[in-house]
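I opened this structure to look up a few residues and then how the chains meet. My notes follow in the order in which I made them.

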4 protein chains.
Amino acid sequence: MSDKYSSVHYTNYLQLDKIIDAQHLRSGDFGEEAHDEMLFIIIHQVYELWFKQIIHEIGSVLSLFKDNHFEEKMVGDAVHKLNRVIEIQKILIDQIKVLETMTPLDFLEFRNYLIPASGFQSWQFRVCEIRMGLKPDARITYNKTVYSSVFSEEQQKELARIQSEDSLFDAVQKWLERTPFLQFGEFDFIKEYLKAVETMTDREREAIQSTTHISDHNKEMRIRMLDETQKYIFNSLNEEEHNKSIESGETRLSFKATVAALLIHLYRDEPILRAPYNLLNKITEVDELFTLYRYRHMQMVLRMLGKKMGTGGSSGAEYLKKTVEQHHIFQDFQKIATLLIPRSDLPELPKEMKQKLDFAYNQ
Amino acid sequence: MSDKYSSVHYTNYLQLDKIIDAQHLRSGDFGEEAHDEMLFIIIHQVYELWFKQIIHEIGSVLSLFKDNHFEEKMVGDAVHKLNRVIEIQKILIDQIKVLETMTPLDFLEFRNYLIPASGFQSWQFRVCEIRMGLKPDARITYNKTVYSSVFSEEQQKELARIQSEDSLFDAVQKWLERTPFLQFGEFDFIKEYLKAVETMTDREREAIQSTTHISDHNKEMRIRMLDETQKYIFNSLNEEEHNKSIESGETRLSFKATVAALLIHLYRDEPILRAPYNLLNKITEVDELFTLYRYRHMQMVLRMLGKKMGTGGSSGAEYLKKTVEQHHIFQDFQKIATLLIPRSDLPELPKEMKQKLDFAYNQ
Amino acid sequence: MSDKYSSVHYTNYLQLDKIIDAQHLRSGDFGEEAHDEMLFIIIHQVYELWFKQIIHEIGSVLSLFKDNHFEEKMVGDAVHKLNRVIEIQKILIDQIKVLETMTPLDFLEFRNYLIPASGFQSWQFRVCEIRMGLKPDARITYNKTVYSSVFSEEQQKELARIQSEDSLFDAVQKWLERTPFLQFGEFDFIKEYLKAVETMTDREREAIQSTTHISDHNKEMRIRMLDETQKYIFNSLNEEEHNKSIESGETRLSFKATVAALLIHLYRDEPILRAPYNLLNKITEVDELFTLYRYRHMQMVLRMLGKKMGTGGSSGAEYLKKTVEQHHIFQDFQKIATLLIPRSDLPELPKEMKQKLDFAYNQ
Amino acid sequence: MSDKYSSVHYTNYLQLDKIIDAQHLRSGDFGEEAHDEMLFIIIHQVYELWFKQIIHEIGSVLSLFKDNHFEEKMVGDAVHKLNRVIEIQKILIDQIKVLETMTPLDFLEFRNYLIPASGFQSWQFRVCEIRMGLKPDARITYNKTVYSSVFSEEQQKELARIQSEDSLFDAVQKWLERTPFLQFGEFDFIKEYLKAVETMTDREREAIQSTTHISDHNKEMRIRMLDETQKYIFNSLNEEEHNKSIESGETRLSFKATVAALLIHLYRDEPILRAPYNLLNKITEVDELFTLYRYRHMQMVLRMLGKKMGTGGSSGAEYLKKTVEQHHIFQDFQKIATLLIPRSDLPELPKEMKQKLDFAYNQ
């Protein structure tokens with residue numbers, strides 16, 4: 001039986017016999033080993049190890065959200081874990097440079113032996129996508145087949161199970177919708193905010209019109225910018241318009257969650273909102289780094305294969321290029337930036353509310 | 001008079017009085033200084049300093065090509081300088097992270113004071129684009145105005161002058177066209193290469209058809225891949241077809257230059273072709289890093305502004321997104337990868353030719 | 001007069017006329033311009049711009065601490081600003097690679113013209129060091145002269161003034177000393193913690209002695225580790241011993257500040273301690289990145305100059321090597337890690353205290 | 001039997017069943033799984049995979065040198081492979097940041113279960129060190145035991161075998177010693193070079209003495225610098241002195257190899273010396289990156305453990321710190337930079353020699 005005090009050795013603990021012995025060069029089976037096939041195998045194994053770690057972290061973050069019991073206290077933990085995912089993603093992106101030391105000609109030495117294996121067959125990467133919030137019908141298809149058909153029956157079932165659970169998108173949306181501060185006593189956030197936007201716009205418009213320092217053309221442009229921004233904000237904070245935008249497929253995040261995210265951005269200096277603000281930022285960063293990873297992956301494939309078909313029979317680079325934009329999950333968060341106005345124009349929070357958002361120690 | 005032995009001080013040598021004193025926060029003119037405006041100014045000044053260095057290096061590379069006197073000896077120098085550009089570009093991309101520590105709300109504190117200044121007004125970046133090979137009619141326009149209209153008359157003239165000179169694209173194309181090895185005595189590279197492609201394809205096709213280890217579906221897919229690749233190569237190495245593709249705007253690189261680039265890729269192990277191969281690779285990398293820089297720039301703008309109009313009045317992120325693909329200069333180099341076949345199938349070079357490509361010392 | 005709505009242009013706003021015109025190649029004064037002198041000038045100007053930004057951020061952090069009015073609310077702001085410093089420092093380190101594209105032989109083309117200018121004459125870097133907390137008597141000297149003697153009288157006065165103000169080390173120490181939670185009603189943190197350490201050590205020692213799974217040699221080693229750790233902790237949390245260690249110059253951070261830092265590390269999950277924990281971490285990271293920067297700088301100088309004297313007449317690399325360790329300010333923070341015990345063995349905080357550390361909203 | 005055309009699947013090809021299933025959390029055996037133990041296991045597995053790749057590349061480079069048949073043609077291949085090692089090393093260093101997302105307190109949750117496993121037990125890292133050229137008697141010892149005693153008998157034998165083969169240091173030294181250009185007909189490189197150094201020094205000394213632009217103090221310092229450099233070069237290029245320095249343990253690289261490395265640095269623009277110059281540079285970079293990796297590793301251990309003993313029972317950080325300098329293999333290459341003089345002062349190569357160093361095509 002295992003014992004806490006048994007002597008553990010680095011080699012056994014890390015199961016290096018398995019890890020270090022799992023590189024079989026197919027080129028060697030049919031003639032001379034292609035020197036670069038080792039790199040090809042090892043870097044993909046490294047990717048899969050990191051994917052496992054990412055799934056471990058995101059899974060742990062999701063379990064924090066479970067049962068809608070995501071207390072403010074847990075937010076810090078979620079931020080910490082997503083931050084680790086971010087550091088891993090930076091490595092995933094940077095190490096593409098290692099693979100790029102393999103030239104197209106060197107790849108050709110063993111590429112034939114890999115057909116029809118393909119990165120499309122990375123089950124763990126599919127899990128990452130689903131856990132983030134990618135929905136089956138939003139997926140880019142390749143070779144006109146369902147993405148999951150390349151997996152074993154067991155793996156397909158597991159994918160379906162994971163798909164049926166809350167993704168990070170779902171969990172964050174529900175959590176945002178539970179934000180209690182949108183209506184606090186008399187304070188109605190949306191109403192106050194729109195009033196502030198109007199006041200600011202009116203003041204600015206008047207100032208622009210009365211200045212003598214800029215040309216009429218310039219005035220006109222500035223006023224157009226002001227008006228468009230105002231119109232955009234009013235439209236975005238109108239529930240009916242928002243829901244239309246959801247129906248048309250342009251928007252995914254619910255109205256309430258969007259407004260809560262806006263409030264968190266605006267009042268992030270209040271102690272209780274600081275960690276939620278960090279959480280939204282970390283999610284955006286994870287999402288953008290997956291996007292950047294896809295972009296760099298696509299650049300690398302183009303350099304390696306040009307317009308050749310991928311080993312999986314798909315038009316490799318073309319497929320990847322489409323996923324860069326389409327498999328981007330939290331695009332709606334970018335909208336929040338468009339809705340912000342300067343701090344000095346923000347509606348002030350009621351004193352009692354401010355107290356609630358502070359630490360008990362400061363009362 | 002300046003003297004080699006006069007005492008020079010770090011502060012004077014670097015003209016730090018100018019450099020360190022060139023940050024004037026406009027927000028301070030109209031109220032309180034916005035803390036983050038300092039970062040905004042300094043990071044853009046850093047960008048401009050690096051742009052100056054890139055222009056210095058690319059200019060120096062171009063002067064090596066001048067008068068069509070680009071000896072093999074100079075290739076090493078060009079590689080070295082482009083490698084420096086690459087290291088600089090990595091920094092340009094990585095330091096976007098520094099700017100991303102500025103939040104959208106913090107940007108709003110001073111953004112109004114910047115209108116209508118804009119990154120579109122970076123003259124040096126335009127020079128970088130032109131030096132690389134961007135042609136006026138290939139530019140994405142914004143605000144329906146000519147890109148150069150934001151510059152002074154003198155700057156516009158200078159841009160026109162630079163545009164009239166050979167760009168890196170022009171210089172590399174001419175140099176490739178001068179490659180003497182496409183026809184060497186009896187050896188006609190294109191003819192030999194197409195023969196080799198045919199032999200390889202025939203052998204592979206037959207092997208696939210006769211194997212019993214894969215399904216008919218799989219066989220069919222593999223044979224389709226083979227056939228498409230063969231057809232693609234034959235089409236690409238046909239001068240007439242190539243010229244049609246140039247006329248239609250799909251391709252830019254001349255036929256002769258394309259074939260020379262292919263030869264360099266295939267026989268890069270011959271001593272005299274090693275540096276040219278490195279040169280083609282470095283150019284590709286510089287080109288891709290400009291592309292990646294634009295992509296990251298666009299991501300950052302989206303995060304900072306969402307869908308707001310840029311300070312220059314353009315739809316900032318939208319414009320940048322279009323330039324990512326459109327301002328990509330050496331796209332035709334990617335095609336080369338598609339034309340390669342494995343080393344073992346390459347036509348062997350005549351012995352006398354191999355000798356010529358080697359060092360004199362080894363004769 | 002300046003007007004908010006006057007038309008501002010990128011070139012003027014960034015004062016590019018100054019920035020881009022401040023590169024004068026001394027090699028050109030005495031013959032041919034050395035190509036690489038441009039890089040040498042520009043990269044040092046970039047360094048100085050970033051130093052200015054770092055001073056801006058650290059200065060702003062220090063002003064938050066002023067008058068001992070550093071409310072919990074401000075901690076988040078300090079963390080944010082130090083995080084920006086960290087992102088800048090990463091760039092400072094990474095861009096050494098750009099300078100390393102200059103070979104020793106290329107440096108020799110203009111090195112003679114720089115004597116006796118030297119990086120020792122970077123006034124802003126001295127300010128960074130002082131702001132971090134480097135004391136005059138802790139400085140490594142070079143050429144047996146006072147470090148400040150290379151500056152103008154005015155600059156020397158300014159350095160003395162800055163030295164007389166609170167450094168980040170001073171400010172953080174005072175802030176830690178003000179931590180109110182070391183004694184909370186009946187709860188005496190040190191007493192409770194030492195008790196917990198003892199309990200844990202006794203339990204572990206017994207378990208080790210009674211196991212049959214490990215060799216006597218192994219047992220002995222483990223028990224020795226346990227005992228040493230216990231002894232180390234008891235010694236460290238003894239005020240008298242701590243003060244002796246300060247007198248001997250081994251330690252710099254005061255006893256009270258050390259204990260407060262320990263408490264923050266142990267109970268970082270309590271909402272009110274989360275930001276302070278982040279602050280301590282960011283400070284450690286800034287400190288370590290300065291250290292790493294010095295280390296990389298030293299590596300680069302060794303590669304460029306070998307054992308040649310620096311242009312300032314000092315034994316360049318040797319000096320830099322010594323500063324790597326000696327100019328490391330927050331070394332005492334590393335000690336905290338040695339004092340930690342596992343979460344499950346921590347003394348529980350009194351309920352009333354836990355409430356005080358939580359948000360008012362959760363009461 | 002395996003067949004080229006059998007259908008290979010990504011999962012099988014990469015043996016993911018082994019790779020992804022090799023993470024067993026010991027903390028789970030004794031209670032609750034510690035969340036961060038997964039990261040600890042996975043990152044170390046990733047390190048071992050990369051070590052395998054590095055060993056693959058360095059082994060391949062060494063085989064190129066075998067039997068003293070290292071033709072100029074192979075140099076390019078060696079450079080290419082070392083360049084890949086460099087890109088991997090950058091990742092090894094950067095991913096330390098991922099491990100640093102684990103806090104000391106989180107490490108304590110499972111650290112006890114790892115005793116006495118330790119990074120000292122990484123067999124592959126020992127192989128890397130030996131392949132680079134670390135000799136048994138130059139090793140820092142820890143716990144007063146032979147480093148190899150932690151390995152199985154079989155592993156120890158294998159280490160001994162590897163130690164008995166030529167390391168990269170040995171191979172490069174032999175190759176440098178074979179350089180045929182130190183004596184070329186009448187041209188005696190050392191003699192010519194020392195003459196050039198003397199001419200340059202005399203000219204500079206006179207110029208300094210006769211200038212009126214600098215103070216006597218400054219003159220004296222400059223002349224001292226000149227004299228010391230001259231003395232250093234004459235001493236270094238004296239075989240007898242060099243051999244004394246080898247006997248005293250200060251130097252390792254043989255006299256002939258040192259002189260050849262100097263020649264390659266000085267005349268690197270000659271076509272045949274370009275690749276050798278790149279090779280020396282890549283070796284230096286690999287060596288420095290191992291050094292930097294050790295330094296960062298040490299920083300990380302200090303942050304994680306402070307002054308606690310490592311799980312292997314050693315004074316972890318202390319040991320690592322010593323290896324940073326001591327396990328640095330190619331230190332003598334840094335000396336080359338000290339021996340250089342500006343290009344314009346170099347002795348010109350005889351015309352016939354220059355021709356031999358050029359491509360046959362240019363004759």
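**Entry 1: S148 of chain B**

I note that the model is a predicted one. S148(B) sits in the loop between α8 and α9 (153-164) of chain B. Leaving out residues up to four places away in sequence, I found that S148(B) touches Q156(B) and L159(B).

**Entry 2: E129 of chain B**

Which residues does E129(B) touch, not counting residues up to four places away in sequence? I listed L134(B), R139(B), R294(B) and H327(B). With H327(B) there is also a polar contact between the side chains, at 3.3 Å.

**Entry 3: helix α17 of chain B**

I then checked a whole helix, α17 of chain B, which covers residues 332-339. How many of the eight residues of α17 are buried? Eight of the eight are, so the helix is largely enclosed by the rest of the structure. I wrote down the buried residues of α17(B): D332(B), F333(B), Q334(B), K335(B), I336(B), A337(B), T338(B) and L339(B).

**Entry 4: Q15 in chains B and C**

I looked at the backbone angle phi of Q15(B) and found it near 50°, a positive value in a residue other than glycine. I marked this because most residues other than glycine have a negative phi. Where does Q15(B) lie? Q15(B) is in the loop between α1 (10-13) and α2 (16-19) of chain B. At 15% relative accessibility, Q15(B) counts as buried.

I repeated the look-up in chain C. Phi of Q15(C) is near 50°, again positive in a residue that is not glycine. Q15(C) lies in the loop between α1 (10-13) and α2 (16-19) of chain C. Q15(C) counts as buried, with 15% relative accessibility.

**Entry 5: chain A as a whole**

Chain A has 18 helices and two strands. Its C-alpha trace spans about 80 × 60 × 35 Å along the principal axes. Chain A has 363 residues, and 64% of them count as buried. I also looked at contacts in chain A between residues at least 6 apart in sequence: 77% of these join residues at least 24 apart.

**Entry 6: where chain D meets chain A**

I asked how many residues chain D and chain A each bring to their contact. The count is 70 residues from chain D and 70 residues from chain A. The size of an interface is often given as the accessible area lost when the parts come together. Chain D and chain A bury about 6500 Å² between them, and 64% of that area is on carbon and sulfur atoms. Y10(D), Y13(D) and H35(D) supply 12% of the area that chain D buries against chain A, more than any other three residues.

I then went through the pairs. The rule finds two salt bridges across the interface of chain D and chain A. One that I looked up joins the side chains of R84(D) and D36(A), at 2.9 Å from N to O. Between chain D and chain A I noted 30 residue pairs in polar contact, both residues at pLDDT 80 or more.

Several helices of chain D each supply at least two residues of the side that touches chain A, including α1 (10-13), α4 (37-65) and α5 (72-94). Which helix gives the most to that side? It is α4(D), with 18 residues. By class, the side of chain D that touches chain A has 28 nonpolar, 25 polar and 17 charged residues.

**Entry 7: how the copies are related**

Chain D is superposed on chain A by a rotation of 180° with 0.0 Å of shift along its axis, at an RMSD of 0.0 Å. That is the relation of a two-fold axis. The same surface serves both copies, as 100% of the contact residues of chain D recur in chain A.

I did the same for chain A and chain B. A rotation of 180° with 0.0 Å of shift along its axis superposes chain A on chain B, with an RMSD of 0.0 Å. Of the interface residues of chain A, 100% are also interface residues in chain B, so the copies meet through the same surface.

Terms used. Residues numbered from 1 in each chain as written. Chains lettered and ligands numbered in written order. Heavy atoms only, no water. Contact = heavy atoms within 4.5 Å. Buried area = accessible area lost by both parts, 1.4 Å probe. Salt bridge = Lys/Arg side-chain N within 4 Å of Asp/Glu carboxyl O. Polar contact = N/O pair within 3.5 Å; in protein donor to acceptor, adjacent residues only side chain to side chain. Helix = DSSP H or I, 4+ residues; strand = E, 2+ residues; numbered from the N terminus. Nonpolar A, V, L, I, M, F, W, Y, C, P; charged D, E, K, R; others polar. Buried < 20%, exposed > 50% of the residue type's maximum accessible area, 1.4 Å probe, protein only. Least-squares fit on C-alpha atoms with pLDDT ≥ 70 in both.
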